[in-house]
Amino acid sequence: MNKHVEVGKIVGIYALFGCLWILFSDSALGLLFPDPQTFTRFAIFKGIFFIAFTSLLLAVLLARFVARLKQSSDALHESQQRLDFLVKNTSDSVVILDSDGCQRYVSPAAERITGFPISDLQGKTIDLLIHPDDLGQVMMAWDEAVRHPERIVTVRY
């Protein structure tokens with residue numbers, strides 16, 4: 001859900017209702033109450049009604065918006081839990097690197113595979129962790145991955 005679009009819809013509905021109210025309510029009151037004193041009295045009630053009705057309208061629209069935010073948040077949380085479960089239980093090493101090659105996330109399998117504690121791996125750049133004999137091949141794969149992030153790059157070292 002795009003929050004900006006949803007907020008825009010709420011503002012749009014509220015503004016449309018307000019404009020229509022302003023444009024047509026005085027005309028309708030003028031037709032119903034041609035006497036200026038009666039018109040003024042009902043115009044005051046019209047203003048109070050407008051505030052009450054638009055407050056209710058705004059409350060309904062905001063409640064709907066909050067409900068959609070909660071649904072999105074719940075779906076994201078559920079998806080995150082599934083992803084966490086899969087990553088933590090895979091036998092493959094999963095590592096998230098930033099564009100400089102610094103390891104921002106290291107899965108538990110990386111610790112099992114390398115024998116290094118996650119704390120020793122996380123935050124380190126890959127050039128510090130690769131055996132010198134394999135470094136050229138790994139850096140070529142890294143360069144490929146950075147140039148083409150949409151591709152899956154696999155390297156054995």
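Modeller: Rings of Phe, Tyr and Trp (its six-membered ring) form a pair if their centres lie within 6.5 Å; planes under 30 degrees apart count as stacked, over 60 as edge-to-face, and the rest as tilted. This is a predicted model, in which local features need pLDDT of at least 70 and side-chain atom pairs count only at pLDDT 80 or more, while totals for chains, interfaces and linings use all residues. Residues are numbered from 1 along each chain as its sequence is written, and side-chain values use heavy atoms, with hydrogens and water left out.

Biologist: Which residues do ring pairs link into a cluster?

Modeller: The cluster consists of Phe17, Trp21, Phe49, Phe50 and Phe53. Eight aromatic pairs are found in a search of the whole structure.

Biologist: How do you know whether Trp21 is buried or exposed?

Modeller: Its relative accessibility is 19%. Buried means under 20% relative accessible area, exposed over 50%, and partly exposed in between (1.4 Å probe, protein chains only); Trp21 therefore counts as buried.

Biologist: Why is Phe49 described as it is in terms of accessible area?

Modeller: Phe49 has a relative accessible area of 44%, and is therefore partly exposed.
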